[in-house]
Amino acid sequence: MKPRTRFTIADLFTVIRLPLAVAFPLVGETWRLVVLAVAAASDLLDGFLARRIGSSRFGPFIDPVADKLFMAVAFGTVLFSGQLTWWELLGVLARDIAASIAFFITTVRGRPSAIPARAGGKAVTVLQVATLFAFVLGSPLLRPLAWATAAVALYAIWDYTRAAAESSRPL
């Protein structure tokens with residue numbers, strides 16, 4: 001097995017989302033669309049590159065941080081626009097909130113662990129991005145996409161919880 005490097009090209013695509021998170025609420029609608037497209041593309045590329053050419057020690061830490069920061073800022077922008085309510089956004093971000101709490105608890109307990117990405121989690125990410133595109137484009141699908149995202153997020157939380165319980169059982 002090849003030793004992990006400190007920083008890879010996959011990490012660069014991940015780190016790009018940090019300034020994009022800062023830019024999202026500050027730019028106009030056209031540029032917001034560009035920022036969202038670049039952020040979504042970087043999220044796809046970082047995982048692909050990490051699997052293809054290898055990951056670093058930094059990657060598994062910074063990727064979820066960049067993902068959650070971008071989503072929090074972007075959906076905070078949606079909240080301040082008044083186009084969705086706080087409780088709709090709570091549903092849209094439920095999976096991210098649950099994952100952040102789980103990470104914090106396992107880290108404090110001194111037993112951090114990772115559960116590989118699952119289909120439900122990937123579906124939530126796709127729906128979150130679709131919801132953001134609906135927001136930026138002023139689509140009437142914004143609210144239905146938000147509700148669909150919340151429903152899939154609840155399923156993903158259940159699925160990850162089940163997977164975590166199974167992985168912690170003694171053999």
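**A walk through the helices**

At 31% relative accessibility, Ala 148 counts as partly exposed, the class between buried (under 20% relative accessible area) and exposed (over 50%), with a 1.4 Å probe and protein chains only. Ala 148 is found in helix H8; helices here are DSSP runs of H or I with at least four residues, numbered from the N terminus. Val 92 lies 56 residues away from Ala 148 along the chain, and their C-alpha atoms are separated by 8.4 Å.

Before going on, please keep in mind that this is a predicted model, in which local features need pLDDT of at least 70 and side-chain atom pairs count only at pLDDT 80 or more, while totals for chains, interfaces and linings use all residues. Residues are numbered from 1 along each chain as its sequence is written, and side-chain values use heavy atoms, with hydrogens and water left out.

Stay with H8, which covers residues 142-168 and also holds Asp 159. Asp 159 counts as buried because its relative accessibility is 4%. Its side chain has partners, though: Asp 159 makes a polar contact with the side chain of Arg 118 at 2.8 Å and another with the side chain of Arg 162 at 2.6 Å. A polar contact is a pair of N or O atoms within 3.5 Å; within protein, one must be able to donate a hydrogen and the other to accept it, and residues adjacent in sequence count only if both atoms are side-chain atoms.

Now turn to H3 (residues 29-53) and H7 (residues 119-137), whose axes come within 10 Å and cross at roughly 170°. That makes H3 roughly antiparallel to H7, a label for angles over 145 degrees. The axes are lines fitted to C-alpha atoms over the stretch in contact, and angles run from 0 to 180 degrees between N-to-C directions. Among the residues that meet here are Leu 33, Leu 36 and Ala 40 in H3, and Val 129, Leu 132 and Phe 133 in H7; contact means heavy atoms within 4.5 Å. By class, this contact has 10 nonpolar, 1 polar and 3 charged residues.

H3 also contains Ser 42, which counts as buried because its relative accessibility is 2%. Not counting residues up to four places away in sequence, Ser 42 touches Phe 13 and Arg 17.

Finally, visit H6 (residues 94-108): its 15 residues should span 21 Å at 1.5 Å a residue, and its end C-alpha atoms are 21 Å apart, which agrees. The expected span is 1.5 Å times one less than the number of residues. The buried residues of H6 are Ala 94, Arg 95 and Asp 96. Just after H6, Gly 110 takes a positive phi of about 80°.

Technical notes: Helices (H or I, at least four residues) and strands (E, at least two) are DSSP runs, numbered from the N terminus. Angles under 35 degrees count as roughly parallel, over 145 as roughly antiparallel, 65 to 115 as roughly perpendicular and the rest as oblique. Ala, Val, Leu, Ile, Met, Phe, Trp, Tyr, Cys and Pro count as nonpolar, Asp, Glu, Lys and Arg as charged, and the others, Gly among them, as polar.
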